[in-house]
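Grab a pencil and work through these exercises one at a time. Try each task yourself before you read the solution under it.

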Amino acid sequence: MTNKAQTVASSGVEALIDRLRNEGVSAGQKKAENIVLDAQKRAEWLIQEAEEEARQLTEKARQEADAILATGKDALQLAARDALIKLRDTLLNSFSQEVTRVVGQRMQDPAFIDKLILSLAGTVREKTGMDNSQSVVIQLPEDVMGVDELKKNPEELQQGTLSHYTASLAADMLREGVRFEVSGDLSGGLFIRLENEEMQIDFSDKTVAALLLEHIQPRFRALLQGIVK
């Protein structure tokens, strides 16, 4: 081969080498760019997935917090309602006990018993039919001072808590045949028994307190509930 021919062949080889090198570099660059793009896409997908997962976790946490808050509010409202009911019941019970105590205390007062007998003898006797009864018995508590004397000596009516004036006046107004007795069932107040009619009128402390509560307790309850101001 001549020198010229050798020179031409060498140039062709170098050109081939250059072309292959350039194609390899281009291919590498292209592959590198594709790797970078894939990595970027992967990173973006991972970020989106993370953001979506975070959003779902946040929403779930918010829903759980709302549920806990709603449950807490319901529990507080229920507790407040129960507390109000308990307080109202306690006040009603205390009110009933106080009314019963005051009525019982009042109806153990001998002076009040005097007035009660006079009132019954005067104002109430016609309505209760006492005038038509052949035998009227007034029963008083055992612990009323002087009742023993009335029981033992009802014709005298000069000793004891019932004043002579009251007892005498009651006897006059109620007619002859009125008797006073002691009842172990009474702690306060009195019973009036119309023997011929087999009827007993209950003016005991417990009955009067119950009647009084029946009248005033609904209003007291309405006051507690704010219905009446």
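**Exercise 1. Find out how many salt bridges a search of the whole structure gives, then look at some of them.**

Start with the rule: a salt bridge is a side-chain nitrogen of Lys or Arg within 4 Å of a carboxyl oxygen of Asp or Glu. With that rule, a search of the whole structure finds eight salt bridges. Before you go on, note that this is a predicted model, where local features need pLDDT of at least 70 and side-chain atom pairs count only at pLDDT 80 or more, while totals for chains, interfaces and linings use all residues. Residues are numbered from 1 along each chain as its sequence is written, and side-chain values use heavy atoms, with hydrogens and water left out.

Step 1: go to Asp-18, which forms a salt bridge with Arg-21, and the closest N and O atoms are 2.7 Å apart. Both residues sit in helix H1, three residues apart, which is about one turn of the helix. (Helices, H or I with at least four residues, and strands, E with at least two, are DSSP runs numbered from the N terminus.)

Step 2: repeat this for Glu-52, whose salt bridge partner is Arg-55, with 2.7 Å between the closest N and O atoms. Again you're in helix H1, and again the two are three residues apart, about one turn of the helix.

Step 3: look for a group of three. Glu-59, Arg-62 and Asp-66 are linked in a network of salt bridges.

**Exercise 2. Are Asp-18 and Arg-21 buried or partly exposed? Sort them, then do the other pairs.**

Step 1: get the cut-offs. Buried means under 20% relative accessible area, exposed means over 50%, and partly exposed is in between (1.4 Å probe, protein chains only).

Step 2: apply them. Asp-18 counts as partly exposed because its relative accessibility is 35%. Arg-21 is at 48%, so it counts as partly exposed too.

Step 3: carry on with the other pairs.

- Glu-52 has 32% relative accessibility, so it's partly exposed.
- Arg-55 is partly exposed, with 47%.
- Asp-82 has 38%, which means partly exposed.
- Arg-81 is partly exposed, with 47%.

**Exercise 3. Which residues form an aromatic pair, and how do their rings sit?**

Step 1: know what to look for. A pair of aromatic rings is described by the distance of the centres and the angle of the planes. Rings of Phe, Tyr and Trp (its six-membered ring) pair if their centres lie within 6.5 Å; planes under 30 degrees apart count as stacked, over 60 as edge-to-face and the rest as tilted.

Step 2: search. The whole structure gives one aromatic pair. Phe-95 and Phe-220 form this pair, at 4.1 Å centre to centre with 10° between the planes, so it's stacked by the cut-offs.

Step 3: Phe-95 is in helix H1 and Phe-220 in helix H5, 125 residues apart, so to speak a link between distant parts of the chain.

Step 4: check the cover. Phe-95 is partly exposed, with a relative accessible area of 22%.**Exercise 4. What does Ser-183 touch, not counting residues up to four places away in sequence?**

Step 1: locate Ser-183 in strand E2 (residues 179-183).

Step 2: judge the cover. Ser-183 counts as buried because its relative accessibility is 6%.

Step 3: list the partners. Contact means heavy atoms within 4.5 Å. Leaving out residues up to four places away, Ser-183 touches Gln-139, Leu-140, Pro-141, Glu-142 and Phe-191.

**Exercise 4. Which residues are in contact with Ser-96, leaving aside its neighbours within four places in sequence?**

Step 1: find Ser-96 in helix H1.

Step 2: check the cover. Ser-96 is at 14% relative accessibility, so it counts as buried.

Step 3: read off the partners. With neighbours within four places left aside, Ser-96 is in contact with Leu-213 and Gln-217.
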